[in-house]
Amino acid sequence: MSAVQEWEPRVITPAEAGVAPSAAGLIDYLRDRTDLDDLLVEEKALVFRGFGVDPDHLDPVMDLLLPGRLAYVHGNSPRTKVGDNVYTSTEYPPEYTISMHNELSYAHSYPSRLMFFCQQAAETGGATPVVDGVRWLEALDDEITDAFADGVRYLQNLHGGMGLGKSWQDTFETSDRDEVTAFLAESAADVEWTKDGGLRIIQLRPATIKHPVTNTEVWFNQADQWHPAGLGDETAQALAQIMPAEELPQAVTLADGTPIPDAWAVQIRDRGLDSAVDVNWNTGDVLLIDNLLVGHGRRPFTGARRVLVAMSA
């Protein structure tokens, strides 16, 4: 394996930007920075720190960072919509680590950019780790990357209003079956509406992709998060007792249907986390990432923590 250069997000402060330490200063900086697209591709992730952004000034910041914000359609993690295509970050209990992933990498359509806004930093912990997708790919054993060469098969079982996991209505932000069917028709997914009102979706997706600008190959899938072993031994054992893997809210195999060994899912999860760099939040921070080049997660925390997220194509 080739050596991967050390990387961490670029931090931009008011002093460096030459503007006032305020949301208005950040807005001025972003309006004047005509090469922001190139800068993000070069740096992969940008932290805007010390501008004291607050919810009242968040929309104009997002308008400049995320033109054409996207809804979180086909998202599988629990979160709450709090504004115009603005959501809370994943609402898992604070004692859990959220492993590394690229947003919606299992879907046919995924965002190219994510923006996180720290409305309230945690009392302790709560960092957002970010990982260079090249480093993550290089960290994995050849046995795994070779096995994943043909891609990943994802299975979703979405209930119709009552059951384990998310409903299809919450997942697609609509109760119109025709609208969901039309959306999925563009994704080359196998779709089945079940007799109990649920929805079963099978998708074949690549395990790695190449960035459209840099042509860099990166690890880009959520095999470990969709695999019971990626959730920890106790959770995996509990799920196995409830129902077969193919009946869980989400499941994953290799492209040809071959089961993914538990040890592989654990390696993918752990080496992603081990290769990550923590963004330790200050209230008012804004983080912008290239969703193809950089994966993200969440460290455990104590106290109140509120981080919002939005995305764009």
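Among contacts in the protein chain between residues at least 6 apart in sequence, what percentage join residues at least 24 apart? Where contact means heavy atoms within 4.5 Å, the share is 80%.

**View 1. The whole chain of a predicted model.** Local features need pLDDT of at least 70 and side-chain atom pairs count only at pLDDT 80 or more, while totals for chains, interfaces and linings use all residues. Residues are numbered from 1 along each chain as its sequence is written, and side-chain values use heavy atoms, with hydrogens and water left out. The C-alpha trace of the protein chain spans about 60 × 45 × 40 Å along its principal axes. For 313 residues a compact globule would have a radius of gyration near 20 Å, and the 19 Å of the protein chain therefore agrees; this radius is taken over C-alpha atoms, and the globule rule is 2.2 Å times the number of residues to the power 0.38.

**View 2. The largest nonpolar core.** This core has 47 residues, and those with the most contacts inside it are Phe-116, Phe-148, Trp-219, Leu-287 and Ile-289. Apart from it lies another core, of 26 residues, among them Ile-12, Leu-36, Phe-51 and Val-86. A nonpolar core is a set of buried Ala, Val, Leu, Ile, Met, Phe, Trp, Tyr and Cys residues joined through side-chain atoms within 4.5 Å, buried meaning under 20% relative accessible area with a 1.4 Å probe, protein chains only. Buried residues make up 51% of the 313 residues in the protein chain.

**View 3. The surroundings of Phe-116.** Leaving aside its neighbours within four places in sequence, Phe-116 is in contact with residues including Trp-281, Asp-285, Leu-287, Ile-289, His-296 and Val-309.

Definitions and conventions:
Buried < 20%, exposed > 50% of the residue type's maximum accessible area, 1.4 Å probe, protein only.
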